[in-house]
Number of protein chains: 2
Amino acid sequence: MTTTTTAEDTAQSSPGVTAPLGFRASGVTAGLKASGRPDLALVVNDGPSHVGAAVFTSNRVVGHPVTWSRQAVADGVVHAVVLNSGGANVCTGPDGFLDVHRTAETVGAALGISPGDVVVASTGLIGERLPIDTLLAGVGPACAALSETGGPAAAGAIMTTDTVPKTADLVVQADQGTWRVGGMAKGAGMLAPGLATMLCVITTDAVVDAALADEALRTATRQTFDRVDSDGCMSTSDTVVLLASGASGVAPDPAGFVAGITAVAAQLARQLVADAEGATHDIAITVTGAQTQDAALAVARAVARSNLFKAAIYGNDPNWGRILASVGTVPQEVAAFEPDELDVSINGVMICRAGGAHAPRTDVDLAGQREVHVLIDLHAGTEVVTLWTNDLTHAYVSENSEYST
Amino acid sequence: MTTTTTAEDTAQSSPGVTAPLGFRASGVTAGLKASGRPDLALVVNDGPSHVGAAVFTSNRVVGHPVTWSRQAVADGVVHAVVLNSGGANVCTGPDGFLDVHRTAETVGAALGISPGDVVVASTGLIGERLPIDTLLAGVGPACAALSETGGPAAAGAIMTTDTVPKTADLVVQADQGTWRVGGMAKGAGMLAPGLATMLCVITTDAVVDAALADEALRTATRQTFDRVDSDGCMSTSDTVVLLASGASGVAPDPAGFVAGITAVAAQLARQLVADAEGATHDIAITVTGAQTQDAALAVARAVARSNLFKAAIYGNDPNWGRILASVGTVPQEVAAFEPDELDVSINGVMICRAGGAHAPRTDVDLAGQREVHVLIDLHAGTEVVTLWTNDLTHAYVSENSEYST
């Protein structure tokens with residue numbers, strides 16, 4: 001099997017969700033955002049098959065679009081996804097749910113499909129009704145703008161505090177034939193535990209059934225979005241949808257399909273980290289020598305959520321004491337390790353060995369390095385996990401204190 | 001029973017640990033801090049009884065002083081506590097433990113007591129050896145400076161990034177007679193879960209046995225220090241010691257004794273919050289209507305650890321959506337509630353009712369209000385818990401990125 005991936009640095013020029021055959025997309029300005037920027041995106045699966053799968057936030061407080069979309073995707077069939085920025089439609093009472101229903105009905109009528117096959121996703125402020133008439137008036141123009149090259153426009157219309165659109169694609173040349181994956185995502189704050197993005201749509205022209213689509217999407221999110229923890233805050237609206245058109249006519253082997261979906265999800269997840277609110281460093285925390293994957297992840301997450309550690313990295317300070325203090329908060333029953341066996345390296349320099357100081361801190365130069373690689377060896381097993389986070393900066397505080405989001 | 005508490009606003013003029021009879025204390029400059037500020041404190045129990053109890057961090061990575069002091073206090077007898085700032089003596093290898101041992105021996109020899117009755121507590125940077133000769137050379141002067149009015153000096157010598165010393169005292173006039181409690185604490189960052197202060201010494205001249213001292217201290221810390229969560233980061237060195245001299249000759253009723261210790265611990269905990277690194281708002285999160293205390297505490301802690309919520313409060317933004325998003329991360333098995341029954345009030349204004357918007361956000365004016373009171377009603381039971389935290393500010397980022405601590 002030969003896999004060809006678009007270069008990661010061409011993300012902004014990737015066709016995104018319209019990279020695979022059988023998809024059209026658009027992004028238009030409905031008028032939901034005060035800024036006048038595009039705020040309504042549509043992704044349509046033209047088939048021949050209309051397989052859909054989705055995973056959602058594990059927050060107990062969820063937006064009405066999540067409630068609707070869980071139901072819409074339950075039968076494994078999705079024809080279209082409509083996404084808006086400019087309002088999350090969360091905690092808006094029964095009228096907020098009616099707003100979602102009307103949105104799906106309007107999109108369904110315009111496209112000649114059942115409202116029950118329309119997934120709805122919204123992002124923005126919690127607790128305020130959407131200007132629903134404004135949104136519905138945008139559906140016509142969004143349908144009119146649908147195009148087989150509309151992926152980038154759709155990716156632009158779902159941005160909120162994102163500074164760049166996030167798109168990715170992949171062409172897989174396998175023994176069975178050539179098939180494609182595309183995707184777009186948005187998310188900068190509230191990247192979180194249960195599921196780490198706000199909104200993401202992944203498309204493929206592979207021929208798959210709903211069961212494989214669901215399995216592939218769950219596997220991919222577990223390995224990618226779930227391993228991004230920007231600020232420990234879980235959204236009420238996280239939605240990742242996978243649409244499969246079957247338009248390539250190629251049925252990949254299941255393992256190859258899972259790998260392809262995972263590869264695109266990984267690219268999008270990495271782009272989310274790179275655009276995390278106010279970050280100056282992208283931090284990969286790799287925990288090795290763990291007894292289990294869960295143990296490694298728990299240790300990595302404890303470090304990723306330490307404001308003291310994250311502020312130190314912002315200050316280009318390889319403060320391994322704060323790393324050990326975070327590791328030590330993980331209970332024995334969750335992760336086995338002996339404190340006096342812990343090794344910590346930062347960007348390849350082992351500054352802590354066997355729980356004590358080793359190479360001088362000054363050997364680690366973080367200034368001007370966007371990527372920081374922290375390696376923690378628990379010496380308790382063979383499992384390895386990498387979790388991505390970012391530093392805690394003045395810009396993060398500014399973005400999240402000066403504006404309601 | 002009549003209880004007379006010193007006013008909270010006189011904290012800086014409280015005699016602190018020397019308020020009760022039978023104690024001497026001192027604070028001197030040994031030379032551990034580059035600033036030349038006092039850095040070595042000594043608290044001595046002159047008896048007639050020498051009851052001691054202590055609670056320590058639940059971090060698995062602990063300082064050598066914690067390892068030593070756990071052993072020293074195990075028999076319920078403590079004659080003296082020596083505390084230093086300028087270095088935490090954590091992750092310093094076997095030599096670091098010898099440094100603690102030598103410190104206790106030097107203090108023991110100077111005071112004519114067993115080293116095994118000396119509790120040692122250290123605070124400062126992790127991972128660097130203390131300049132032990134400098135520290136030991138300070139023990140003589142610290143002993144020479146011991147005084148029955150030395151409480152404030154001792155409180156000053158344990159400060160690190162604290163901007164003010166923390167002291168408190170209480171005189172209890174009970175049916176059995178008059179007895180006293182005094183205390184000092186330090187801590188500004190790393191206020192945390194398992195135990196929320198860095199270092200704290202509480203003294204009393206009540207006549208109590210080791211079992212009651214231990215019970216009272218554990219009850220008090222659970223209700224006070226454990227309900228402060230400034231930045232979610234657990235220290236490796238948290239130590240709270242209780243010393244009872246019996247010098248009043250008064251044996252209080254157990255419930256009254258627990259209440260007295262708790263009152264002083266509460267004052268000190270409140271002072272810690274008020275001096276949290278870089279904070280501009282002290283935030284009391286009260287969760288009511290919970291099925292259990294643990295459920296209420298879990299919900300309060302989820303909100304207290306939301307950087308998005310804490311940044312919003314810094315911006316004087318009563319962003320209840322971020323509160324609900326945090327509440328929703330608590331699993332059903334931990335805290336029962338229905339998302340559409342949640343009420344949230346901030347400073348007495350109910351801005352969220354039944355999971356949706358209620359009073360206008362603009363009715364909540366946080367500007368210029370140091371204290372912010374968040375009330376979350378789960379409508380699931382009758383238990384109530386208050387947890388204190390603070391906002392996430394530019395000053396916090398500065399303090400924790402510009403200096404190694």
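Student: In which loop of chain A is Pro48(A) found?

Tutor: This is a predicted model, where local features need pLDDT of at least 70, side-chain atom pairs count only at pLDDT 80 or more, and totals for chains, interfaces and linings use all residues. Residues are numbered from 1 along each chain as its sequence is written, chains are lettered from A and ligands numbered from 1 in the order written, and side-chain values use heavy atoms, without hydrogens or water. Strands (E, at least two residues) and helices (H or I, at least four) are DSSP runs numbered from the N terminus. Pro48(A) is found in the loop between β3 (40–45) and β4 (51–56) of chain A.

Student: What is omega for the peptide bond from Gly47(A) to Pro48(A)?

Tutor: Most peptide bonds are trans. The bond from Gly47(A) to Pro48(A) is cis. Its omega is near 20 degrees.

Student: How far apart are the end C-alpha atoms of helix α6 of chain A?

Tutor: Helix α6 of chain A covers residues 254–274, which is 21 residues. The expected span is 1.5 Å times one less than the number of residues. That predicts 30 Å, and the end C-alpha atoms agree, at 30 Å.

Student: How many residues of α6(A) are buried?

Tutor: Buried means under 20% relative accessible area, exposed means over 50%, and partly exposed lies in between (1.4 Å probe, protein chains only). By that rule α6(A) is mostly covered. Of its 21 residues, the buried ones number 15.

Student: Which residue forms an aromatic pair with Trp179(A)?

Tutor: Rings of Phe, Tyr and Trp (its six-membered ring) pair if their centres lie within 6.5 Å; planes under 30 degrees apart are stacked, over 60 edge-to-face, and the rest tilted. The count over all chains is four pairs. For Trp179(A), the pair is tilted, with centres 5.5 Å apart and 40 degrees between the planes, and the partner is Phe257(A).

Student: How many residues apart are Trp179(A) and Phe257(A)?

Tutor: Trp179(A) lies in strand β8 (residues 177–186) of chain A, and Phe257(A) in helix α6 of chain A. Both residues are buried. The pair links distant parts of the chain, with a separation of 78 residues.

Student: Which residue has its ring under the charged end of Arg60(B)?

Tutor: A charge sits over a ring if NZ of Lys or CZ of Arg is within 6 Å of the ring centre and within 35 degrees of the ring normal. Arg270(A) lies over the face of Trp388(A), 4.0 Å from the ring centre. For Arg60(B), the distance to the ring centre is 3.7 Å, and the ring belongs to Phe337(A).

Student: In β14(A), what is the bridge partner of Cys352(A)?

Tutor: Strand β13 (residues 349–353) of chain A and β14(A) run antiparallel, joined by two bridges. Cys352(A) has as its partner Ala357(A).

Student: Is Ala157(A) buried or exposed?

Tutor: Ala157(A) lies in helix α4 (residues 151–157) of chain A. Leaving aside neighbours within four places in sequence, its contacts (heavy atoms within 4.5 Å) include Gly27(A), Pro38(A) and Ser85(A). Its relative accessibility is 0%, so Ala157(A) counts as buried.

Student: What is phi of His379(A)?

Tutor: Most residues other than glycine have a negative phi. His379(A) sits in the loop between β15 (371–377) and β16 of chain A. Its phi is positive, near 50 degrees.

Terms used. Pairing = 2+ DSSP bridges.
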